[in-house]
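This report is for a reader who has not seen this structure before. Please keep the sequence and the model in view while reading.

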Amino acid sequence: MNKGGSHLITGATGTGKTTFIRSLLNKVNSEAVIVYDINAEYTDFFPYPFIEFENFTTKLKQINNGIIVLEEATIFLNNRGTNHDVTELLVRKRHTHNYIILVFHSMRSIPRWIYELSNYITIFKTNDSPQLTARELKDNRIEDIMTSVRNEINPHFHTSLKIY
């Protein structure tokens with residue numbers, strides 16, 4: 001996993017997102033991992049008390065050389081506006097050498113401003129319309145990728161794409 005980047009992970013419940021992320025985190029120094037873990041699924045990587053999202057993102061401004069996971073980002077980040085702290089985190093990732101992973105439950109819940117500031121996306125099966133998603137994210141490649149993921153028999157099948 002390269003430092004100074006961002007990776008979106010998207011998929012419906014039960015498609016393997018957490019297993020995929022845990023396998024990525026097992027490859028890095030666990031001391032460098034910071035997780036916003038609303039469901040307490042990563043306590044072996046980040047055994048600290050849960051705090052409110054606004055307090056958590058404010059503290060992230062002080063982090064350098066970290067792996068930051070925002071689990072359940074669907075809950076906290078939406079298409080109705082931007083989040084200043086998350087925007088700053090994504091814009092400054094190359095300078096802070098932070099690698100940010102944001103987890104969403106559907107493609108259409110990924111705000112376009114986050115998509116445009118991200119480097120990679122891993123797509124698991126979702127219930128989204130490939131055509132509408134490609135149009136909303138303004139990325140024509142998405143339609144074919146989502147269709148191919150949906151057509152795979154394996155319920156945990158996923159594919160990754162370099163965004164920019």
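Predicted model: local features only at pLDDT ≥ 70, side-chain atom pairs only at ≥ 80, totals over all residues.

Residues are numbered from 1 along each chain as its sequence is written, and side-chain values use heavy atoms, with hydrogens and water left out.

## The sheet

Helices (H or I, at least four residues) and strands (E, at least two) are DSSP runs, numbered from the N terminus. Two strands count as paired if DSSP finds at least two bridges between them.

An open sheet is formed by six strands in the order β2-β3-β4-β1-β5-β6, with mixed pairing. At its edges are β2 (33-36) and β6, each of which pairs on one side only. On average, neighbouring strands are turned by 15° against each other, direction ignored. Such angles run from 0 to 180 degrees between N-to-C directions, and axes are lines fitted to C-alpha atoms, for helices over the stretch in contact.

| Strands | Sense | Bridges | Opposite residues |
|---|---|---|---|
| β5 and β6 (residues 158-162) | antiparallel | five | I123 and T159 |

Contact means heavy atoms within 4.5 Å. In the sheet of six strands, neighbouring strands are turned by 15° on average, direction ignored. Helix α2 (residues 53-60) packs on this sheet and touches β2 and β3, and its direction makes about 155° with that of β2. Helix α4 (residues 84-91) packs on the sheet too, touching β1, β3 and β4, and the direction of α4 makes about 130° with that of β4.

## Helices α7 and α8

Which angle do helix α7 and helix α8 pack at? Helix α7 (residues 130-137) and helix α8 (residues 141-151) pack at about 145°, and their axes are 8 Å apart. The contact draws on P130, Q131, T133 and A134 from α7, and on I142, E143, M146, T147 and R150 from α8. By class, the residues of this contact are four nonpolar, three polar and two charged. Here Ala, Val, Leu, Ile, Met, Phe, Trp, Tyr, Cys and Pro count as nonpolar, Asp, Glu, Lys and Arg as charged, and the others, Gly among them, as polar.

Is T133 buried or exposed? T133, a residue of helix α7, counts as buried because its relative accessibility is 1%. Leaving out residues up to four places away in sequence, T133 touches M107, R108, D128, I142 and M146. The side chain of T133 also reaches the backbone oxygen of S129 at 2.8 Å. This is a polar contact, meaning a pair of N or O atoms within 3.5 Å; within protein, one must be able to donate a hydrogen and the other to accept it, and residues adjacent in sequence count only if both atoms are side-chain atoms. The C-alpha atoms of T133 and I101 are separated by 20 Å, and the two residues are 32 residues apart along the chain.

S109 lies in the loop between β4 and α6 (112-116). With a relative accessible area of 14%, S109 is buried. Its side chain reaches the backbone oxygen of S106 at 2.9 Å.

F45 belongs to the loop between β2 and α2. F45 is buried, with a relative accessible area of 7%. Between the C-alpha atoms of F45 and R22, which are 23 residues apart along the chain, the separation is 8.9 Å.

Notes:
Buried < 20%, exposed > 50% of the residue type's maximum accessible area, 1.4 Å probe, protein only.
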